[in-house]
Amino acid sequence: MLTKIYPVLLLAVSVFAQGVNVERRYQAAYKELDSNFAEKTTSRKSAESSESTFSSFDNSVAVQIPPSILVMPEKKDAGISELEIIQKNSYARLMMECISDYFSKKEYSLKSLEGQKDINEFISMQNDIAGNEDDLAYVASLFFGADIYLKFSGDFSRKNIRLELKAYESVTGALLGNEVYLGKIESSKSLNDNIKNAAEFASRQLDVKLQKYWNNERRKGVQYKIVMNLSGEFDEDFVEDLHAKINAVLSRMFKKFSFNVMTNKTVDVTVFADPAMFANSQSVYSAIRRDLKTIVGVKKNNITSKLILLNLGSVN
């Protein structure tokens, strides 16, 4: 007969309601655990010593700066935000800290949603990005300037632990890679140490995929998301001409670009900028404004290191 399992979902609502009781139940049952994967731990540590970091990467302008990363729990319930998960669930918070610590040691620049003074501005900005209002990690990575955002979820029982990591490109939201760790609980270690082992192992495996992405994909250019809101009263012919002008401007400026949305009220586009020509998002905005302001009023709404929000209105 299978051993009775007491699952504790790291991101489940029940953890918040019963967090203290869960910890006590686990501590009571933990003494009975027995398993071993010490050999796995030893092999993981030896493998880590041979891993490369971004200092050994290609020295081209596009890849020589390590990527910035935002780590957040994966949202499982519509009624609970990602911030509430890490504030109320000690296991989820520990997992986030362990994952962040690993990538920090690997020279990634860490971004955090917590403690930001402009959090209210961030929340209000969500409605300006069509179709992504519910994905806090996606919007946060754009707002706080992360190149990559990483979501984690997991659960553990008396004998087993599971962790899944998913990494996304911040501008497009494209999945860059995922990693699932399934392992035995080491009875000789505390629960926190088992969580740390799982986080380290899964992060290491995912890191290999992210390094490959950074070396290969980033040679196309630095990605920026540009959202143009048309706030003036324009007739249909003018809007058509404006769309054609925007297309011509972007074609001339950038190595590659793609329209996500193009309507009479919104132009949402992803551009791949040559870092030798455009040092940052402000320089991208300035170049676009210079070419468009002769036919339409251009005013910036919000600019972060990955996101440019601007309004197009009547020329004064």
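Leu150 is placed opposite Ala167 of strand E5. The model is a predicted one, in which local features need pLDDT of at least 70, side-chain atom pairs count only at pLDDT 80 or more, and totals for chains, interfaces and linings use all residues. Residues are numbered from 1 along each chain as its sequence is written, and side-chain values use heavy atoms, with hydrogens and water left out.

Strands E4 and E5 pair in the antiparallel sense over nine bridges. Two strands are said to pair if DSSP finds at least two bridges between them. Helices (H or I, at least four residues) and strands (E, at least two) are DSSP runs, numbered from the N terminus. E4 and E5 make a hairpin, with three residues between them. E5 also runs antiparallel to strand E6 (residues 175-184), and nine bridges join E5 to E6. Here Leu163 stands opposite Tyr181 in E6. The hairpin of E5 and E6 has five residues between the strands, and Gly173 in the turn has a positive phi of about 75°.

How many of the ten residues of E5 are buried? Seven are, so E5 is largely enclosed by the rest of the structure. Buried means under 20% relative accessible area, exposed means over 50%, and partly exposed lies in between (1.4 Å probe, protein chains only). In a regular strand, side chains alternate between the two faces of the sheet.

## Helix H6

H6 is mostly covered, with eight of its eight residues buried. Among them are Leu136, Tyr138, Val139 and Phe143. After H6 comes Gly145, which has a positive phi near 80°.

## Strands E8 and E9

Strand E8 (residues 256-262) and strand E9 (residues 266-273) run antiparallel and are joined by six bridges. Lys256 is opposite Phe272 in E9. E8 and E9 form a hairpin, and three residues lie between them.

## Salt bridges

The whole structure holds eleven salt bridges. A salt bridge is a side-chain nitrogen of Lys or Arg within 4 Å of a carboxyl oxygen of Asp or Glu. One of them joins the side chains of Lys166 and Glu74 (3.7 Å, N to O). This pair links distant parts of the chain, 92 residues apart: Lys166 is in strand E5 (residues 160-169), and Glu74 is in the loop between strand E2 (68-73) and helix H3 (82-88). Glu74 counts as buried because its relative accessibility is 16%.

Lys105 and Asp101 also meet in a salt bridge (3.3 Å, N to O). Both residues lie in helix H4 (residues 90-105), four residues apart, about one turn of the helix. Lys105 is exposed, with a relative accessible area of 62%, whereas Asp101 is partly exposed at 39%.

In the salt bridge of Lys306 with Asp147, the closest N and O atoms are 3.2 Å apart. This pair links distant parts of the chain, 159 residues apart: Lys306 is in the loop between strand E10 (297-303) and strand E11 (307-313), and Asp147 is in the loop between helix H6 (136-143) and strand E4 (148-156). Lys306 and Asp147 are both buried.

## A negative patch

Asp235, Glu236, Asp237, Glu240 and Asp241 gather in a surface patch of negative charge. Patches are made of residues with over 30% relative accessible area and no salt bridge, and like charges are joined within 9 Å. Asp237 lies in helix H8 (residues 236-253). Asp237 counts as exposed because its relative accessibility is 60%.

Definitions and conventions. Patches are made of residues with over 30% relative accessible area and no salt bridge: like charges are joined within 9 Å, nonpolar side chains (Val, Leu, Ile, Met, Phe, Trp, Tyr) within 5 Å. Accessible areas come from the Shrake-Rupley method with a 1.4 Å probe; for residues, only the protein chains shown count as cover. Lys and Arg count as positive and Asp and Glu as negative; His and the chain ends are not counted. The place of a charge is taken as NZ of Lys, CZ of Arg, CG of Asp or CD of Glu.
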